[in-house]
Amino acid sequence: MLEHLRLLSRYNQWMNDKLYNTAAQLPADELARDRGAFFGSLQGTLSHIMVADIIWLQRFSEHPTQHPALDQIRAMPKPQTLPDDFTALSAERRNVDATIISWCEQLDASDLNHKLTYHNMKGEPAIKNLASLMLHFFNHQTHHRGQATTLLSQQGLDIGVTDLLALVASE
C-alpha cells in the first residue's frame with residue numbers, strides 16, 4: 001500500500017504540472033469564465049482541488065507521528081477560497097504537491113493503519129483508517145482533474161496522456 005500511495009503522490013504532481021502548464025495558455029478571463037462546470041470555471045475547479053487538498057493535509061497532519069513534511073501545512077489557516085491569481089495558484093500547487101510527495105516518503109507502513117479522528121466540513125466527527133482516507137484524497141484529485149481536462153478540451157487544449165499507467169514501472 002505504501003508504494004502505491006507514493007506512486008499516487010508522484011502521479012498527482014505529474015498531472016498537476018501538465019494541467020497547469022496547459023491552463024497557463026489561456027488568458028485570465030478564460031480561466032475565470034463560467035463554463036457551467038460544477039465549480040463554474042477552470043479556475044474554480046483548480047481552486048477547489050487545492051482547498052480540498054489543504055484541508056485533507058491539515059487533517060493528516062494531526063497523525064500522532066507529526067510528520068515534519070506537514071509542518072507548514074499544520075501551521076496554515078483553514079482555507080475557504082484561494083486567490084484568483086493563476087500564477088500564485090500555480091506556485092502554491094507546486095509547493096503543495098512537493099509537500100505531498102515528501103510526506104508520502106516519510107510515511108511508514110505502520111502509519112497507514114492509524115485511525116484518524118477528524119471533523120468533516122459540516123463539523124461532524126469521523127474516525128477512519130489513514131490509508132483509506134489517503135485513497136479518497138488521491139481519488140478526489142483525479143475526479144476533479146478529469147473535469148478540468150474536459151474544460152481545457154472544450155477550449156481546444158489537450159494536456160496529453162493522463163493515464164497512471166504512464167508512471168507505472170515495468171516489472
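Predicted model: local features only at pLDDT ≥ 70, side-chain atom pairs only at ≥ 80, totals over all residues.
Local features need pLDDT of at least 70 and side-chain atom pairs count only at pLDDT 80 or more, while totals for chains, interfaces and linings use all residues. Residues are numbered from 1 along each chain as its sequence is written, and side-chain values use heavy atoms, with hydrogens and water left out.

**Fold and dimensions**

- The chain contains six helices and two strands, where helices (H or I, at least four residues) and strands (E, at least two) are DSSP runs numbered from the N terminus.
- Along the sequence these elements follow the order α-α-α-α-α-β-β-α.
- Taken along the principal axes, the C-alpha atoms fill a box of roughly 45 × 45 × 25 Å.

**Burial and contacts**

- Of the 171 residues, 46% count as buried, meaning under 20% relative accessible area with a 1.4 Å probe, protein chains only.
- Among contacts (heavy atoms within 4.5 Å) with a separation of 6 or more, 74% join residues 24 or more positions apart.

**Largest pocket**

- A pocket is an open set of points on a 1 Å grid over the protein atoms alone, where a 1.4 Å probe fits, with protein on both sides within 12 Å along at least five of seven lines.
- The largest pocket holds about 180 Å³ of space, the volume being that filled by probe spheres set on the points.
- Its lining residues (an atom within 4 Å of a point) include His48, Trp56, Arg59, Tyr118, His136 and His140.
- Helices α3 (42–60) and α6 (130–154) each supply at least two lining residues, and α3 gives the largest share, six residues.

Definitions and conventions: Buried < 20%, exposed > 50% of the residue type's maximum accessible area, 1.4 Å probe, protein only.
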